[in-house]
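Please read the numbered points below alongside the sequence and the model.

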Amino acid sequence: QEKWFPMKIYDSSSGTPKPAEYTPLAKAQKPYNICVLFPHMKDSFWVAVAYGVVKQAEASNVNMNLYEAGGYENLPKQLSQFDDCMAAKADAIIVGTISGAGLMKKFEEAKAKGIPVVGVTNPLPPNALPAANYVDFTAMGEVTGEGLLAQSKPDEELNIVTFPGPAGSGWAEAFNEGFKKAVAKNPKAKILGEKFGDSGVAVQLQLIQDALQAYPSMNVIWGSAPTAEAAIGAVAEAGRSDIKVISSYENQAMLDALNRGDILAFATQYPVGEGAIAIDQAVRLIEKKPVTALVQPIAAVIDKTTVPKVQMDLVLAPASWSPVYSVKAK
Amino acid sequence: MNAQASSLTAQPGVTASYGRSLLGRIGFLPALLILVIVGMSAVDPQFYGPINILNILRNAAFLTIIACGQALVIIGGGFDLSVGAVVALASVVTAKTMGVIAASFPGNDALIIAGGLAAGLGSGAAVGLVNGLCVARLKVSGFVVTLGTMSATAGVALMITSGIPVYGMPQSFVRDFGRAQFFGLPTAIYVALIVLLVMVFVQRRTLFGRYVYAIGGNTDAAIVSGVGTRRHLVGTYVLSGVLAALTGILLTAQVGSGQASFGGDRMMLQSIAAAVIGGVSLRGGVGRVEIVAVSALFLTILGNALNLLHIDSRLQPVFLGIIMVVAVALDELGRRRKLRV
Amino acid sequence: MDISARPPQAAAAPPLLELKGISKRFTGVRALDHVDLDVRAGELHVLFGENGAGKSTLINVIAGTFPPDEGSFHFDGEEIRHLSPQRARAIGISPVFQEFSLVPSLTVEENLFLGREVSTGGVLRAGAMRKKARALIDELGFDLDPGRRVDDLSRAHQQMAEIAKALLGKVRLLILDEPTASLTERETGRLFELIAKLKAQGVGLIYVSHRMREIRALADRVTVLRDGRHIRTLDAARVTDGELVELMTGRRIDVLFPTIPHAPTEVAVDVEDLTLADGSVQEVNFYARSGEITGIAGLVGCGKSELVRAIYGLEPIVGGTMRIEGTPYDAPSPRESLTHGVAYFPANRVAEGLALSRPIRENASMTALDLPAFARFGLLRQGAERGLVGRAMERLKLRPPNIERPAGALSGGNRQKVMLGRALTRELKVFLFDEPSVGIDVGAKLEVYEFMKQLVEAGAAVIVVSSELPEVLALSNRLYVMHHGRIATELTGDDKTEQNVLASFFKEHLATEAA
Amino acid sequence: MSDLDLASPAAAAPAERRATLLALAWQAALPIALVVLLLGFAAVDSAVLTPGNLVNIVQQASYLALFAMAQTVVILTRGFDLALGPTVSMVSVGAALAMAAGVAGGQEPGTVLLMGLAAGFALGAACGVFNGVVIAYLGVSPFVATLGSYNIAIGVATTISSGRPVQGVPDLFSWLLYGGSPFGVPAAIVITVIVGIALHLVLTRTVYGRALYIIGTNPRAAAVAGLPVKRLLVATYVLCSSLAALGALMMTARTGSGEPNLGGSLSLQAIAAAVVGGTSLAGGRGGVGTAVVGALFVTILSNGMNLTRIDGYVQMVVLGAIVIAGVVLDRLRLERRG
Ligand SMILES: Nc1ncnc2c1ncn2[C@@H]1O[C@H](COP(=O)(O)OP(=O)(O)OP(=O)(O)O)[C@@H](O)[C@H]1O
Ligand SMILES: Nc1ncnc2c1ncn2[C@@H]1O[C@H](COP(=O)(O)OP(=O)(O)OP(=O)(O)O)[C@@H](O)[C@H]1O
Ligand SMILES: [Mg+2]
Ligand SMILES: [Mg+2]
């Protein structure tokens with residue numbers, strides 16, 4: 001994965017994002033044990049992060065174990081897994097939090113025990129950890145909003161219904177807020193409704209079908225990746241080819257849909273890169289080397305026009321890669 | 001009496017004894033359903049728009065199919081918590097199998113679809129068989145067995161896919177089956193109607209249906225009357241597994257990809273709710289699938305109505321919960337003509 | 001054993017059923033220990049024994065429900081191994097179980113055919129079954145609607161359905177396990193006619209009952225079981241009741257009913273124009289005095305149980321007034337009734353009386369947990385409880401006397417004693433007994449009656465509801481006869497005869513027919 | 001019917017002593033299985049048996065044990081509480097909001113703490129009253145009633161929190177219910193042990209506890225015997241939800257924020273733990289012991305699999321198989337008890 005780096009990022013350690021380039025260390029000094037916690041591995045987004053983690057762990061020659069909590073409804077499980085990682089005497093813990101606020105106490109405990117913790121992908125309260133890398137979800141929502149405005153004609157009426165994802169998940173709310181902030185800049189854009197719901201395709205499909213009825217004037221569907229996936233079929237069936245579909249994050253289905261022209265755009269935060277950087281940040285913390293405290297990948301909207309320019313192997317794991325939950329150092 | 005079935009419901013202190021009047025037999029549900037339909041039509045003309053009706057019917061169709069199997073298991077005195085996970089498993093197994101066959105026999109759509117369907121339904125039957133055998137042979141309560149297989153089945157589905165949707169099903173499957181319409185109605189509705197009719201027939205006119213009632217109503221009586229209880233118990237779980245798998249396949253065909261996120265706890269709870277609200281007693285031995293279908297329709301319309309009424313999606317569960325409890329409480333109070341302690 | 005007065009053809013042929021050395025062990029209990037039994041075609045063979053002697057177990061073995069641990073089984077001269085319920089029915093063994101084998105949520109007709117449905121390729125033939133069911137019920141002369149759900153039926157009608165079920169199809173050996181326990185005289189009469197008819201057709205019968213009268217009336221031979229062992233098989237004509245009871249219990253019991261010295265004082269309970277929500281009791285006027293036993297008799301479904309249940313607070317009342325010792329008592333509830341000194345002993349001890357898996361101690365103290373002797377500030381006084389319950393059970397001669405065993409491990413009679421034990425745990429003035437002796441053996445019955453006698457002597461008001469006419473007649477000082485939810489007559493002194501009771505059923509019956 | 005099968009032996013066999021020893025071993029089947037499990041994991045990875053990890057296991061199990069106890073009391077009456085998880089979420093955000101309001105209003109730390117506890121327990125009790133009244137007085141089955149309150153509690157939790165974690169949980173609260181460790185024992189363990197002992201005493205030594213078992217074994221007999229069945233049922237659902245609320249407060253202290261999704265899938269997990277430990281869904285059998293053993297079993301299994309690096313999805317399959325195996329074991333144990 002040499003070609004991933006140097007990767008263009010923002011260095012937000014100081015609070016204000018500064019463009020920078022990230023390059024990992026060549027190899028860890030020792031085969032450390034690194035514990036990785038994910039909310040789940042149920043979509044290609046988290047598989048992409050895992051891909052970055054695994055590839056970088058191999059490159060850095062460290063031991064890595066990945067645990068997933070089975071979904072965003074399992075915060076207690078993630079807390080237990082965090083405890084288990086500490087009990088197993090991991091040298092460092094990388095965590096994609098179910099709830100950043102919810103893990104604050106654990107972070108304090110890890111700090112007291114001297115175990116470095118790196119936050120990956122999901123946002124955290126400011127200065128919660130010695131090192132983290134994630135995009136601000138609100139900012140990412142904003143990016144998608146801006147992408148929508150950029151793709152629409154100046155006098156076009158935009159009647160939007162948002163489908164952010166599960167209520168109470170935190171991330172769905174943050175995305176939604178950013179998106180609303182961005183589209184508020186255009187007086188022609190109206191948010192007709194916000195439909196929260198579980199992030200499975202089946203649930204989203206039902207929500208969209210109902211929304212097609214409840215909001216006959218709707219012409220933009222903005223939501224999570226499963227929303228967009230469900231929307232494609234529902235919109236085609238309703239014969240509403242005028243409806244634009246935008247996804248707030250990336251997965252394999254989004255990429256395929258974009259290539260087929262089924263959706264307008266989707267946003268990406270380069271999850272593969274995030275996973276890889278997280279491993280390197282962890283190694284640096286263990287070895288007490290200088291570390292960028294907050295790395296923010298530069299979120300981008302991918303649409304038909306930008307696809308060729310985007311480095312796709314930082315966006316998704318190769319289709320042929322099947323997830324690996326542990327890496328043994330050589 | 002089947003210990004675990006009675007456990008779940010027996011309301012300490014109160015046993016309703018009521019005559020088998022028309023109301024006693026079908027309950028308040030149809031009336032409530034008509035009330036909601038009339039009310040919604042008056043409030044919002046979108047409600048009776050043809051597309052909305054199609055959406056409602058299709059979603060009710062999915063729920064009906066899975067609830068029919070669930071109802072049968074509950075009538076037999078059991079409980080099937082694994083249906084949600086089976087929906088997911090069948091979805092990914094079907095999609096994966098189709099992908100594999102398509103790779104070796106490209107273009108042979110009939111073979112690909114047949115193979116996929118067989119594998120999907122087979123996976124459902126397999127889970128049902130495990131459930132049934134554990135319940136009937138090891139005499140463990142259905143609740144616990146299916147709680148276990150629910151976890152295991154979901155695990156297997158995720159292991160197969162790693163959570164990534166499975167593509168590669170032939171377009172004809174999605175186009176001519178999943179999203180196709182005959183006489184203006186989507187396939188799923190026909191499938192649900194056929195399932196419902198067959199199940200009504202099974203319940204009323206076949207030995208199997210009769211025996212399921214008997215086993216759920218009084219297992220010991222069924223045994224001493226010479227009914228092979230084990231076989232029929234296994235049968236209910238297998239049927240429930242197959243119908244859940246069928247739902248999974250229909251969803252897969254509609255969405256166009258195999259997803260391990262289908263089903264889940266939500267669908268499982270909904271299927272039981274549809275059965276119970278439809279008058280299936282968790283004590284076993286009582287219930288009719290046609291009322292369960294009405295109840296599935298009721299629940300679907302309720303969700304649709306809350307959306308059409310533009311109710312804040314965070315508050316929707318509150319309404320749903322209250323309406324559900326009120327509907328069942330009314331039903332219960334209506335039946336309780338005479339109190340017996 | 002000598003045989004006489006037997007139809008000659010039956011005597012010559014081999015027995016219909018022949019069991020040798022049957023043993024059956026449940027976890028820790030030897031329910032049957034090398035039992036022999038033979039039943040001939042056309043004979044009625046009574047199984048007689050105390051509660052828990054193994055009668056029902058033996059019947060279950062014959063019906064194929066339990067496989068025996070050892071022993072041989074011949075039916076119609078043929079050795080049978082691995083008998084299943086289906087096989088038993090197929091060869092003509094038809095059991096009527098003590099615990100009903102009916103499915104409450106199915107109709108009578110569906111129950112009749114359960115396991116033997118008329119079907120083609122798994123599809124039921126409803127018409128054919130309906131026709132057969134009607135024909136059978138008509139032939140039996142039961143007043144039973146085949147389309148009704150079993151849980152809507154009274155216990156007596158359920159018993160009829162159970163009997164009809166056994167008689168569907170070819171019957172060669174009919175087994176009746178306490179069939180009359182919940183039938184009243186009239187249905188019992190029908191059943192006896194039926195039995196006579198079946199005997200004439202050469203059907204063999206096994207009959208279990210604790211009622212001496214029935215045994216006398218029906219039995220050709222009697223096999224006595226005790227503690228799972230075969231004691232003796234006797235010719236019914238040559239044995240007295242006393243001898244049978246002595247064989248059964250191993251001790252002498254001379255009287256079946258104790259003489260009770262009634263000394264009525266003031267009225268303890270009275271109701272005026274009492275009407276229940278379901279109409280099972282209508283405008284009933286009734287009173288019971290302290291110091292006497294008040295009996296209530298009546299046909300099936302006449303509302304006699306409902307009357308006492310309403311007094312205790314188990315049935316909703318819509319009209320009338322009720323008083324306890326003169327003070328009005330409306331809207332009764334079990335808890336209130338107990339604090340007023342009224343206790344009810346349900347007919348169905350399994351369903352309404354006992355928590356079977358809980359210890360005897362807890363079952364006996366269940367009604368007294370609000371008393372300071374058992375609990376203070378919501379905290380149980382377990383030592384005191386153990387002492388009080390232990391003494392009560394000692395007084396009632398509970399066997400075995402260990403009060404820490406689960407109530408479910410007791411035989412029928414001993415379960416009844418646990419219920420009675422509740423009467424000794426608190427101060428009570430009024431005792432409502434619903435079918436107090438149903439299903440319990442002669443020895444236990446006598447102990448229950450003795451207990452009632454002691455209560456009356458101590459000045460309590462005792463009300464006995466019973467379907468067994470001799471019992472209410474012998475026990476009560478005054479007897480109410482109920483019919484169709486109303487009091488038909490009140491009999492006292494010399495008027496209190498079986499003839500008068502039956503006549504009042506009949507008179508009322510004619511009156512209602514005419515109306 | 002099943003009740004009748006409980007008839008147990010009268011005869012004293014000669015081999016009785018050996019039989020009781022064997023029966024005793026069967027009694028302890030699950031705890032023995034627990035120890036075997038632990039040793040098995042330790043054989044794969046020695047980190048499993050370190051004191052640190054053992055404390056870790058017990059601490060994790062203490063939350064689940066609390067929720068399993070909550071389920072146990074209602075399962076004893078033949079019910080269960082599907083709404084337990086959402087109740088936990090609702091209590092978590094409710095208490096956090098109350099405390100945040102207290103902090104914003106400039107209240108004393110002690111007052112803030114009390115406000116949080118009061119809000120949490122009030123919400124929990126409200127859930128319990130709702131469930132209990134609907135089940136006991138309206139005759140709705142526990143499944144439907146608690147599925148109804150499941151939805152309601154989810155709606156309330158996400159609405160009052162706007163779906164975001166509620167911050168501002170004061171340190172005193174976190175210290176009291178999580179961070180503090182008298183004599184080196186983490187607060188969660190201390191609280192659960194105290195509550196467990198108290199609940200055990202309530203179940204075995206009070207009229208209420210006695211009544212609970214009788215209602216669960218034969219509700220009709222309980223009513224005929226004059227026990228106030230309906231009131232006791234309401235009290236039991238309130239007890240269940242209050243225990244859930246306590247667990248929710250402890251978990252809120254653990255996370256340091258009110259989480260609208262905290263309960264997630266706890267309802268079924270807690271039922272599973274209770275049932276694996278030997279609580280019978282048929283009512284009347286189980287107690288604090290079964291809840292604790294079940295919670296320990298599930299926790300050790302998942303901790304052991306984490307430490308021995310078993311993949312997440314494989315863990316789900318193993319967990320499913322073990323749940324079934326645990327219950328089969330329990331049934332065999334009961335059969336042997338003859
Ligand atoms: N399923 C069973 N499991 C264990 N023990 C049993 C079972 N059925 C019966 N027993 C025991 O076997 C013995 C014989 O019981 P059985 O029911 O045959 O008595 P019975 O003679 O019919 O008594 P009754 O007159 O009360 O009906 C009793 O001790 C009883 O407790
Ligand atoms: N022919 C019948 N078919 C079905 N149910 C009946 C019939 N006759 C009466 N019943 C019902 O049975 C109920 C009373 O049954 P039950 O036999 O318990 O009465 P009872 O007066 O207590 O008599 P017993 O004490 O002899 O059982 C009444 O509610 C009545 O409606
Ligand atoms: Mg018997
Ligand atoms: Mg009666």
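How far is an oxygen atom of ligand 1 from a polar backbone atom of C:Gly54? The separation is 2.9 Å; the points below begin with the surroundings of this contact.

1. Basis of the note. This is a predicted model, in which local features need pLDDT of at least 70 and side-chain atom pairs count only at pLDDT 80 or more, whereas totals for chains, interfaces and linings use all residues. Residues are numbered from 1 along each chain as its sequence is written, chains are lettered from A and ligands numbered from 1 in the order in which they are written, and side-chain values use heavy atoms, with hydrogens and water left out.

2. The shell around ligand 1. The ligand is surrounded by 16 residues (a residue is near a molecule if one of its heavy atoms lies within 4 Å of it). The closest are C:Asn51, C:Gly52, C:Lys55, C:Ser56 and C:Thr57. Because the surrounding residues come from chains C and D, the site is shared between chains. By class, the shell holds five nonpolar residues, eight polar and three charged (Ala, Val, Leu, Ile, Met, Phe, Trp, Tyr, Cys and Pro count as nonpolar, Asp, Glu, Lys and Arg as charged, and the others, Gly among them, as polar).

3. An oxygen atom of the ligand is 3.2 Å from a polar backbone atom of C:Ala53. An N or O atom in the side chain of C:His210 is 3.0 Å from an oxygen atom of the ligand. Taken alone, ligand 1 exposes 630 Å², of which the protein buries 80% (Shrake-Rupley method, 1.4 Å probe).

4. Salt bridges. The whole structure contains 55 salt bridges over all chains (a side-chain nitrogen of Lys or Arg within 4 Å of a carboxyl oxygen of Asp or Glu). In one of them, the closest N and O atoms of C:Asp76 and C:Arg172 are 2.6 Å apart. This pair links distant parts of the chain, 96 residues apart.

5. A salt-bridge network. C:Glu362 and C:Arg358 meet in a salt bridge with an N to O distance of 3.0 Å. Salt bridges that share partners join C:Arg358, C:Arg361, C:Glu362, C:Glu385, C:Arg386, C:Glu404 and D:Arg210 into one network. Within it, C:Glu362 is buried at 7% relative accessibility, and C:Arg358 is buried at 15%.

6. Aromatic pairs. The count comes to 25 aromatic pairs over all chains (rings of Phe, Tyr and Trp, its six-membered ring, with centres within 6.5 Å; planes under 30 degrees apart count as stacked, over 60 as edge-to-face and the rest as tilted). The rings of A:Tyr51 and A:Trp321 have centres 5.0 Å apart and planes at 70°, so this pair is edge-to-face. A:Tyr51 lies in helix α1 of chain A and A:Trp321 in the loop between β14 (300-303) and β15 (326-327) of chain A, so the pair ties together parts 270 residues apart in sequence. A:Tyr51 is buried at 11% relative accessible area, as is A:Trp321 at 13%.

Key. Polar contact = N/O pair within 3.5 Å; in protein donor to acceptor, adjacent residues only side chain to side chain. Helix = DSSP H or I, 4+ residues; strand = E, 2+ residues; numbered from the N terminus. Buried < 20%, exposed > 50% of the residue type's maximum accessible area, 1.4 Å probe, protein only.
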